[in-house]
Amino acid sequence: MTDASPLPSGALPLHKPVVVIGAGPAGLTVGNILRAASVDCVVLETESRAFIEQRPRAGVLEEWAVRGLERRGLAVNLLARAQRHSECEFRFGGERYRFGYTGLTDRHHWVYPQPLLVTDLVREYADVRGGDIRFGVRDVRLHDLDGDRPTVEYTDPDTGEHRLIPCDFVVGADGARGVTRTLLTPDRAHISRHDYAIGWLALLAEAPPSNDCVVFGIHPDGFAGHMARSPEVTRYYLECPPGDDPADWPDDRVWSELRKRLGANGAPPLTEGPLIEKRVLDMHNYVVEPMRFGRLLLAGDAAHLTAPIAAKGMNLALHDAFLLGDALVSRLTRGDGTGLAGYSAACLGRVWDYQEFSQWLSDVYHGTSSGDPYLAGTTQARLRRIFASPAAGLAFAEQYLGKDPDPQEY
Ligand code: FAD
């Protein structure tokens, strides 16, 4: 069991200023920021390096997140290889509607698959900055989080031995299914949840993109999405009942639904290919407040989940990581704890902003297929307004691209 109980008696282990639990975008970015400031830390990860470097998920990064990575020396490959997008396309009522957001905001979406970003971050942390990372760990437990000297315990995958790492701070960056969030029991934090009661069949096709930008298909039979990942791989989504079995979606059914829901006058045909990922995501969100208990600081999906409706999760994970990495460096190298004291509040403003946009966008995507004619009518009104009113178009573009951080933030 993971808990905040006193440390079991045992040998005297080596102290680390920071232990990071989880080698996703959040944990690895914090680790890199610490290493760049010569702060010693260790990253613990349950999976293997090969696994996390291939796990497909996100692909859309916001401009401020790319600039944040660039400022920290973490975007060399991204800047060389990512595609920059300046438009998206809505399809509804059998027609195509292009929405040029860069013309309105002067900012882009960057398309860079999450496995490539994770590969870059691991390489920089472990191979370039000499960071300590332990893969395949088991039974991670945390102790004495409310004291000055917490300890992280885990089982070494090779020897089966229990290891103890006393530290000053623990970063909980172990995602939506990790252990650190479970420590934030109701007496320590409040968790707000929202269930959309909607499923998305998430698909990866080994096929070039079928359009030169992201496409949102708003259809009475359900939402469908098209998102480029690379010249060879494309992500598609199909709305489905939550808990649906991917086995009920043979390839023929998938392509036929995609053709129908993404079909519109003048739309290019879909480029089909083998489906290399097919899984059902039940759309739900949560937010943990505050994102801190004692010496444990949560970051990324461990602290807040945003269903992939608005492509915000990885961006939020990076936002947390920038703030937390900088705050830990200030505290551990200069004794300045201001950043850590304000960390949770500084993150939660953007978190709630993105949660609200996700919910708004979910109505736009799913209203037409909800079976509720009233919701279908208001959804169509929202869509028309984005294209008819420059002010509404700008407001949508700003939320879709994510607001730039305040200059004093980082
Ligand atoms: P994770 O990436 O989940 O990393 C957590 C790590 O902790 C994992 O490596 C895990 O193995 C490890 N771990 C778990 N438990 C333990 C433990 N007990 N001990 C040690 N390690 C542990 N977001 C966007 O911004 N844009 C998108 O386009 C987008 N598309 C998406 C598409 C899909 C299909 C999905 C599922 C998600 C998408 N997201 C998107 C969301 C994005 O992938 C996540 O928000 C992001 O991965 C969060 O990063 P993280 O570092 O917080 O957590």
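Domain bounds in this description come from an automatic or database domain assignment. For the predicted model considered here, that assignment gives two domains: domain 1, made up of the segments 8-83, 110-193 and 284-370, and domain 2, which covers residues 197-282. The centres of domain 1 and domain 2, taken over C-alpha atoms, are separated by 30 Å.

The interface between the two domains was examined next. On the side of domain 1, 17 residues are in contact with domain 2, and 21 residues of domain 2 take part in turn. About 1,500 Å² is buried between domain 1 and domain 2, with 60% of this area on carbon and sulfur atoms. Helix α9 (residues 338-366) supplies four residues, the largest share of the side of domain 1 that touches domain 2. Classified by residue type, this side of domain 1 comprises nine nonpolar, seven polar and one charged residues. Five residue pairs, both members at pLDDT 80 or more, are in polar contact across the interface of domain 1 and domain 2. The count of salt bridges between domain 1 and domain 2 is zero.

Within the structure as a whole, 28 salt bridges are found. One of these salt bridges joins arginine 49 to aspartate 127, with the closest N and O atoms 2.9 Å apart. This pair connects distant parts of the chain, since arginine 49 lies in helix α2 (residues 49-52) and aspartate 127 in helix α6 (residues 114-128), a separation of 78 residues.

Eight strands form an open sheet with mixed pairing, in the order β6-β5-β13-β14-β15-β12-β16-β19. Its edges are formed by β6 (95-100) and β19 (304-305), each of which pairs on one side only. Within this order, β5 stands beside β13; strand β5 (residues 87-92) and strand β13 (residues 214-217) run parallel and are joined by four bridges. Arginine 91 has glycine 217 of β13 as its bridge partner.

Most residues other than glycine have a negative phi, and most peptide bonds are trans. Alanine 197, by contrast, has a positive phi, near 55°.

Technical notes
Residues numbered from 1 in each chain as written. Predicted model: local features only at pLDDT ≥ 70, side-chain atom pairs only at ≥ 80, totals over all residues. Heavy atoms only, no water. Contact = heavy atoms within 4.5 Å. Buried area = accessible area lost by both parts, 1.4 Å probe. Salt bridge = Lys/Arg side-chain N within 4 Å of Asp/Glu carboxyl O. Polar contact = N/O pair within 3.5 Å; in protein donor to acceptor, adjacent residues only side chain to side chain. Helix = DSSP H or I, 4+ residues; strand = E, 2+ residues; numbered from the N terminus. Nonpolar A, V, L, I, M, F, W, Y, C, P; charged D, E, K, R; others polar. Pairing = 2+ DSSP bridges.
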